[in-house]
Amino acid sequence: MARGTVNKLVRGGIWLTIAAFLINLLQALSTVIVAWFLTPEDYGVVAVAMTLQLIIIAVTNMQLGEALIRQSDPGEQEISAVWTLNAIRGLIMAAIFVALAWPVAHFYGDSRLVPVLLVLSLSPILLGLENPKRFIQQRDLIFHQEFLITVLQKLAAFVTTVGIAAIWH
């Protein structure tokens, strides 16, 4: 392995380690703050909705970005195809959330799940609009931009989550 590649890997590892630490710290703070604001019943509603979201995201994951990493020189056509498919996936996931909001609320006997699931339906739409060129940067071992993007995404999610919890409180 060339010395330049090793240096990139070491620097990338440092960036990703710091990012993971900050993301986990924000997640822990978010959990504590939300738990402080919400009643146990409200926290349960959010937990059910988030679990459903994680299941739907995991089941529909197509690993398209990873396919770009494996290509030696993906062109604009491949990048556009990945973006389009991810955007369609985001819209389909959002539609699934909207369609499941009332049946899930009925199943759990808690109408508060409906607005939570409807708000969470926006998340996959935003995820679907993610720029696939991020994966090419990963392939090229450019991790400082990944650090900025992931930490800023988590910071935005933290502010949004805490803000919504404070409003509901």
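So, α2 and α5 sit oblique to each other, where oblique is what's left once angles under 35 degrees count as roughly parallel, over 145 as roughly antiparallel and 65 to 115 as roughly perpendicular. Before I go on: this is a predicted model, where local features need pLDDT of at least 70, side-chain atom pairs count only at pLDDT 80 or more, and totals for chains, interfaces and linings use all residues. Residues are numbered from 1 along each chain as its sequence is written, and side-chain values use heavy atoms, with hydrogens and water left out.

Back to that pair. Helix α2 covers residues 40-60 and helix α5 covers residues 113-120; their axes come within 10 Å and cross at roughly 40°. Axes here are lines fitted to C-alpha atoms, for helices over the stretch in contact, and angles run from 0 to 180 degrees between N-to-C directions. From α2, the contact uses V45, V48, A49, M50, L52 and Q53, and from α5 it uses L113, V116, L117 and L120, contact meaning heavy atoms within 4.5 Å. Sorted by type, that's nine nonpolar, one polar and no charged.

Now the other partner of α5. Helix α4, residues 76-108, has an axis that comes within 8 Å of the α5 axis, and the two cross at roughly 155°. α4 and α5 are therefore roughly antiparallel. And who touches whom? On the α4 side we have F97, V98, L100, A101, W102, V104, A105 and Y108, meeting L113, V114, L117, L118 and L120 of α5. This contact divides into 13 nonpolar, no polar and no charged.

Methods. Helices (H or I, at least four residues) and strands (E, at least two) are DSSP runs, numbered from the N terminus. Ala, Val, Leu, Ile, Met, Phe, Trp, Tyr, Cys and Pro count as nonpolar, Asp, Glu, Lys and Arg as charged, and the others, Gly among them, as polar.
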